[in-house]
Amino acid sequence: MTQPLLQVSRLSRHFPLGQGMVRALDDVSLTLMPEQILGVVGESGSGKSTLARIVMGLDRPTSGSVRIAGRDIFALSPRHLRQARRDFQMVFQDPYGSLDPRHRVGRIIAEPLHLDTTAPKGRDRRDLVGRLLRDVGLDAADQDRFPHEFSGGQRQRIAIARALITKPRLLVADEATSALDLTVQKQILRLILDLRDEHGIGVLFITHNLGVVDQICDSVAVMKDGRIVESGPMRQVMDHPAEPYTRRLLEAEPRLDVIGRKVRPKPS
Amino acid sequence: MLSIRNLRVTFGERPALNGIDLSLARGRTLGVVGESGSGKSVMALAVMGLLPRTARATGRIGFDGRDILTMPERDLCALRGNRIGMIFQEPMTALNPAMRIGAQIAEGLILHQGLSRRDARAKVMHLLDMVRIPRAAERIDSFPHELSGGQRQRVGIAIALALTPDLLIADEPTTALDVTVQAQILDILDDLVAELGIALMLISHDLGVIARIADDTLVLYRGTLIEQGPTERVLRRPGHDYTRTLLDALPPRVRATLRDAP
């Protein structure tokens, strides 16, 4: 049997608040197989970003474990965790805040290599960055430009190229398309699907938008108040939601069949 | 009430709007759809008389017979708030973080309408009810950070409504919100149009948002008016390839609802 790429087991994260505590994550378990895309859907405060931070090893759980390619990342020594980090990379929501405006694109993309003493240098590094830029639909020569010269969608491509440079097996995308125009969102989703196919990466895709899940995910987990309320194959959850909360989310999506104020009488 | 004729705005050599024509009547909602760089926010600023000094505008923005482009700043100040209200995308940055929400809503009432603090507070309670903030009596003395994103946006709407404007401009009012909250906010805006007869200009990059409440829709692309007409016609029989591109960019689930329509 194939080993899961990501196995989150009984993960909880509690934050103290006054006399009590907030259960930001409450007994969350999920499994992502290699080369699959798992959507985690939830609204503000559902715990989805806390989950992303813990999977990335940026925060520690109160209890539970995260295994990436079989390794429990919180059982690793700091040195081994640093080495393991090349296996999992993250793309953030804000394409303006996540790229250092003072650095050229080439340096930004190569940044994750600075821990890796065996990484290519000089000419070879330039070639590698150029190849990645082409992989994400930009030009190799773009590495000499600055972030402000690029649109939001192009910046998100740069952020994805940076994530790919360590040849990760897992990509965590936290609302990676939410700040983009819909036409640009669609292009970035296409790119993520292509990268999954070409580089064989698995993706944990965190979003508040069910419309996005529908376009790229193989499976989906719906989160509310720190818990997973429903999960399963994407089509099953989207077409036959079992939980009232999932149905409510689906019903709140924009529709085009009730146009204008058709539902209510209009003042003449 | 609002009638824009051949509006052109340029920043130096760069055109931001190339000849926009539109009109909007009381009790109607006009959806303005466009992506980043389409000029939709420049249009909102122009109508508010808030274009930066570096912008050059020609044409006419008629509001109740007067031209906003040539109006002196003093008259514009009276217009803003009193006659034209604005709702912004980011309710956290649009609100003053150090001021209780009740005081922020009351500010315009006290400054513009000369209400006493006591009368203003009563009016604020009514406004909080209107934008459906639950337990308004407890919320009135909250600070913005104590509210959820959706509640903050409701406060933003209450501020815009405080002086009973005739025209509301909402620039991406739901973009930062969860879908369930987005639906609630759009319903509130829609009710205000229907019940108070306000004219609403709803600006969004998302046709799904526009479709929900806009009577008419105008499509902007790089400063150029691509098409405009009744929302239903624009969605069902788009007259331009760019409108079709926008429709194609909608999630398939949303697009499918157009086909299911009666």
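In chain A, strand E1 (residues 6-17) and strand E4 (residues 63-68) run antiparallel and are joined by five bridges, where helices (H or I, at least four residues) and strands (E, at least two) are DSSP runs numbered from the N terminus. One of the residue pairs is formed by Leu6(A), whose bridge partner in E4(A) is Ile68(A). This is a predicted model, in which local features need pLDDT of at least 70 and side-chain atom pairs count only at pLDDT 80 or more, while totals for chains, interfaces and linings use all residues. Residues are numbered from 1 along each chain as its sequence is written, and chains are lettered from A and ligands numbered from 1 in the order in which they are written.

The two strands belong to an open sheet of four strands in chain A, with the order E2-E1-E4-E5 and antiparallel pairing; two strands pair if DSSP finds at least two bridges between them. Strand E2 (20-32) and strand E5 (71-72) of chain A each have a single partner strand, so they stand at the edges and one side of each lacks a neighbour in the sheet.

Across E1, E2 and E4 of chain A lies H1(A), running at about 115° to E1(A), an angle between N-to-C directions on a scale from 0 to 180 degrees, with axes fitted as lines to C-alpha atoms, for helices over the stretch in contact. Helix H1 (residues 48-55) of chain A is mostly covered, with six of its eight residues buried: Lys48(A), Thr50(A), Leu51(A), Ala52(A), Ile54(A) and Val55(A). A residue is buried if 20 or more other C-beta atoms, placed from the backbone, lie within 10 Å of its own, exposed if 12 or fewer, and partly exposed in between. After H1(A) comes Gly57(A), with a positive phi near 70°.

Asn6(B), with a positive phi of about 45°, is found in strand E1 (residues 2-11) of chain B.

Where the chains meet, the contact takes 36 residues from chain B and 27 residues from chain A, two residues being in contact if their C-beta atoms, placed from the backbone, lie within 7 Å. On the side of chain B that touches chain A, the largest share, six residues, comes from H12(B).
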